[in-house]
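Reader: I am new to this structure. Please show it, and then let me ask about it.

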Amino acid sequence: MLRCRLIAHVRHKPRALHTSSILRNTGDLYDPTKIERPSDEVDVCIVGAGPAGLSAAIRLKQLEKERGDGKEIRVVVLEKGAEVGSHILSGAVIEPRALNELLPDWKSHPSHPLTQPATHSSMRFLTEKSSFPMPHPPQMSNKGNYIVSLSRFTAWLGSIAEEMGVEIYPGFGGSSILYTDPSKKVVKGVVTNDVGISKSGHIKDSFEPGLEFHAKATLLAEGAHGSLTKTLVKNFDLREGKDPQTYGIGVKEVWRVSEEKWKGGEVVHTMGWPLDWKTYGGGWVYHMSDGLVSLGLVVGLDYANPYLSPYREFQRMKHHPYLASLLEGGERLAYGARTLNEGGLQSIPRLHFPGGALIGCSAGFLNVPKIKGTHNAMKSGMIAAENVFEQLQASSSQSEDGIDLSGYEEGMKKSWVWEELKEVRNLRPSFNTRLGLWGGIAYSGIDSLILKGRTPWTLRTKISDARHTKRASECQPIVYPPPQPPLSTDLLTSLSLTSTNHEEDQPSHLRIRRPSSSSSSDSSSSLSASPVVLPTAEALASHVQTNTRDYASLLGHACPAGVYEYVEASPQEEGSWKGKKLVINAQNCIHCKLCDIKVPTQDIQWTVPEGGGGPGYSLT
């Protein structure tokens, strides 16, 4: 209903660019090149209602008010989740530095969710049966920080933005980039996803076209590995001279623990078991407010063994005596998983392109040693907003070359965000040596405690996470213990706690690329895209052959939502290989994007599903 109301709103706004008709004959084969869409003119279009996107929107409205001439800056924020915050997943311990700058009086807001200060921080090294304390790096100090549900924090920021006049549209995923001309040299906005298309690619009775938002400035705040961000990085070669971005997968749960075991404000990070010494990762335990505890495990996606399951490693981790004693008698309330950027300063792409910029985790500002990125994401949105505001005042902002936001990148390089990331730039890459965990701990200890990043060298990352994967023949299968409820459960039981929902009769948003497709292309990236088609039998068979024969059906182990299954098939079945075929349970997807990042064949493309689909996080 929200979509219908918004389409009607756009069609009848005096400043909207109306279309003459909408192609929507039920049963027709869907072809995006033949769909006429309503369009609207805005000043700034922000894709993603996370901390970065909302901070940019709030800052723009603050600057509008400070200018005081009564002229409105029209700011639209598009959010693929059904509600603001429903797709947001994090630990999360928030460093309030950027929040203090954006909203100095935030503590006076009666509904703010930062009610649990971090009171004590520690690190522990886990072995299979015991644990012992480790030195706590200064970067991981949590003095002055808060333990929160990032989902609730984001929803709160969204309410403030709306009060200031920002237009936020949940349930509208940014699916395509609009360019000023066919050469794709200047971005002029985005298109939201068309809905009401069947699995077979035909128009249904419920069809509604997407909306075109024509913007003077387009800011992408999609989070890690966003589909539009991938398109623009490729189109404008934004990674030229940069290291490839690397990622981790965070798997987490929220429990309500017994009153006598809850220690409000305590922050514990762990290293070691259940991961081996060659695999980067670590766990956390955060005692939130109201007797809740957030706990989880991050596994670097540069892991080598295709048999590894981040979900089952985490389930095994909860049986460690340290965690089992905490959770005994408790109740599990929530589950989720999400990829996060780990490349650091070396992997940050060029931040601007003609017509817009990348902000937040679309660019990759996570401080990996701190395991925090919200403050950096918010600051990037604020700096981008200030540069956008400045350019909108200048006549040059109407140039055919599009708005120039190079000043945003310059501002970031002068900010405390850049200084913070530069200091820790070598810590995560130090784990990628033959010494693995031990070499990384030794180097990180010296660098963080003594050198503090003041070194003449920068450690580089040369290959992607997918290329780190070894063939199954080079690795030992991992035998995981069976689930032991209530402490550990099977994956589908956990998935039920995510409130994930997708319309089943829609084209899969997880697509196998055809053999001729570039591994980094995005067929949904422009309005000249081909009609929706199913993957060819050749592409499916090629995927199944390589991934089952050489990589032990990696995604069957790795996906934290049970999306991918390599099942028995008849030899004659199209898309099968030697009695195996791939089944994609797209309705299970929690939008973590691990598949797009880690699959060795790099032939899976994550795109935006119908708006509002996906997980429904609230406690996370």
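Reader: At what angle do helix H2 and H8 pack, and how far apart are their axes?

Author: This is a predicted model, where local features need pLDDT of at least 70, side-chain atom pairs count only at pLDDT 80 or more, and totals for chains, interfaces and linings use all residues. Residues are numbered from 1 along each chain as its sequence is written, and side-chain values use heavy atoms, without hydrogens and water. Helices are DSSP runs (H or I, at least four residues) numbered from the N terminus; axes are lines fitted to C-alpha atoms over the stretch in contact, with angles from 0 to 180 degrees between N-to-C directions. H2 covers residues 51–67, and its angle to H8 is about 40°, with the axes 7 Å apart.

Reader: Are H2 and H8 roughly parallel or oblique to each other?

Author: Angles under 35 degrees count as roughly parallel, over 145 as roughly antiparallel, 65 to 115 as roughly perpendicular and the rest as oblique. The H2 and H8 angle is about 40°. The two helices are therefore oblique.

Reader: And how do H2 and H4 lie to each other?

Author: Helix H4 spans residues 150–163 and packs with H2 at about 20°, with axes 10 Å apart. H2 and H4 are therefore roughly parallel.
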